[in-house]
Amino acid sequence: MTAPQHTPADRIAALHAIRDRNPGLVAAAQRTRLLEALQTLGYVTTFEGSRFLDCYDVRARKMELVNAGHRVIMNWIVTETEAGVRHRIGQYTLVKGKA
């Protein structure tokens, strides 16, 4: 599966709005941003989480959400950076309800 080469501007704006509503560098703030993005946008890639949500390690925040009882699945996707380099990255999706 190949994702769009670039994140659409409206999606970036939504991710930035989530980031701005939930400021802070601590893990709890990052976890809150990731959860809100998953709930409102349907999925978040590792690229989007680090770049637009300001989550240092999206994988760790995902595991914290799982440990808190949320069902988050990860699928591999291939995407291309602005430099044209293809990368395999994680795409996280929140499954409705708790585990």
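Which residue lies over the face of Trp 76, and at what distance from the ring centre?

1. That one is Arg 88, at 3.9 Å from the ring centre. Arg 11 lies over the face of Tyr 43, also with 3.9 Å to the ring centre. The cut-offs for a charge over a ring: NZ of Lys or CZ of Arg within 6 Å of the ring centre and within 35 degrees of the ring normal.

2. A word on provenance: this is a predicted model, where local features need pLDDT of at least 70, side-chain atom pairs count only at pLDDT 80 or more, and totals for chains, interfaces and linings use all residues. Numbering starts from 1 along each chain as its sequence is written, and side-chain values use heavy atoms, with hydrogens and water left out.

3. On to the aromatics: the structure holds one aromatic pair (ring centres within 6.5 Å; for Trp the six-membered ring is used).

4. Buried means under 20%, exposed over 50%, partly exposed in between, with a 1.4 Å probe and protein chains only. Of the 99 residues of the protein chain, 35% count as buried.

5. As for the fold, the elements run α-α-β-α-α-β-β from the N terminus (DSSP runs: helices are H or I with at least four residues, strands E with at least two).

Notes:
Rings of Phe, Tyr and Trp (its six-membered ring) pair if their centres lie within 6.5 Å; planes under 30 degrees apart count as stacked, over 60 as edge-to-face and the rest as tilted.
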